[in-house]
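Hi everyone, thanks for making time for this. I'd like to walk you through one model, so let me put it on the screen.

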Amino acid sequence: MSTTEAQDLLEAIDRCADEPIHIPGSIQPHGFLLVVSEPDLRIQQASENVRDWLDVEARQLLGQPLSALLPIERIQAGLPALQDGDHNPFHLSDVQLILPGAGDLLLALMAHRHQGQLILEFERAGNSGQAYQALYPLMRTFVSRLQEARELEALCQHAVEEVKRITGFGRVKAYRFDAEDNGLVLAEVADPGYPSYLGLCFPAADIPQQARRLYRDNLIRVIQDANYQPSPLVPTLNPTSGTPLDLSFSALRSVSPVHLQYMRNMGTLASMSISIVIRDRLWGLISCHDAQPRQVSYQTRTACELLGRILALQIEARETETLAQRKLQLRQQIVHLLSAMADRDSVVEGFRQAPEVVLGFAKAEG
């Protein structure tokens, strides 16, 4: 790498670290987005790609009641289920739009509120009944395997195997962050042809701080095709707030062009990340990669998010158990050392009589 190329890389990293990724002003085009006012449910913003989905220009929808696009009775009935403290998209209903250009396409409608805005996201609907019928036996099997695992690496290995089975990604790995936010890959499963990262360390600079905050707050993120063309929001500023729309919790949120280029450089065209959050700290990630674009339905995302939450609870329980055992061990070692010192004329002589206890107390090997 030449000096100029190295300087360009450093400048790109600096720009990425300062990029306001929560307000990209655009979405990924495998769905479309509407922002509606409450309680009248009138459209305030729309993603430009509604043209591709509904055969209507985004500006034509502005100010229109949502009822001009779809039957809203079930939506109105589902809105009270959106909890004020939970900003994650909630599946309100599968809907069929009534615009002439929309055809008979069935769409999954996901909704969430954030900073006073009601954000609606539409994706192609899957088979909800079949997906949720499979969810309980899936989680029952996963939880049983976790309960049998005693070591941290085994917990993570079970998790990556289950995520790969659910999603079909070519490579799935789990890594944890240390106190300085460097990452260590603890578990991995991959198809033939994918390079292995098991046991490797990644520097903290790989994930900027603003991205870590989003990972902590929003537990799942999907990029279905790293070659996508972002669809901007119309208008650019939200009419109510006069500022760019905060898409921190949006499933369709567009991502940094630097990150997309990073994916392409790695030969990765699709990715998904599942956050492992323990005691309000980003403990680690389950990271999924595929060499080809890959669709991930909201049902699959829901299952993976639940899996991540269960894994976090199990890891926290194991860490609490390990800490309690270590405290008990330390008390026993202290008692042994005090007894040895009481029987000798000096502290040093007491230590010399119990070398294995001293090493164990210091977690040293010699």
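I'll start with the ground rules, then go through the sheet, the cores and the surface.

This is a predicted model, so please keep in mind that local features need pLDDT of at least 70 and side-chain atom pairs count only at pLDDT 80 or more, while totals for chains, interfaces and linings use all residues. Residues are numbered from 1 along each chain as its sequence is written, and side-chain values use heavy atoms, with hydrogens and water left out.

Let's begin with the open sheet: seven strands in the order β1-β11-β3-β2-β6-β5-β4, with antiparallel pairing. Strands here are DSSP E runs of at least two residues, helices are H or I runs of at least four, and both are numbered from the N terminus. Two strands count as paired if DSSP finds at least two bridges between them. At the edges stand β1 (26-27) and β4 (90-96); each has a single partner strand, so one side of each is left without a neighbour in the sheet. Within the sheet, β2 (residues 31-36) and β3 (residues 43-47) run antiparallel and are joined by three bridges, with L34 opposite A46 in β3.

Now, which residues have the most contacts inside the largest nonpolar core? They are V163, M272, I276, W283, I286, L311 and I315, in a core of 32 residues. By core I mean buried Ala, Val, Leu, Ile, Met, Phe, Trp, Tyr and Cys residues joined through side-chain atoms within 4.5 Å; buried is under 20% relative accessible area, exposed is over 50%, and partly exposed is in between (1.4 Å probe, protein chains only). Helix α6 gives the most to this core, with seven residues. Take L311: not counting residues up to four places away in sequence, it touches L146, L155, A159, I276 and I286, where contact means heavy atoms within 4.5 Å. Apart from this core lies another, of 30 residues, including L61 and V95.

Strand β12 deserves a look too, as eight of its nine residues are buried. It pairs antiparallel with β10 over four bridges, where R221 stands opposite S273 in β12. On β13 it also pairs antiparallel, over nine bridges. In that hairpin, two residues sit between the strands, and R279 takes a positive phi near 50 degrees.

Finally, back to helices: L338 lies in α9 (residues 298-342). Thanks, and I'm happy to take questions!
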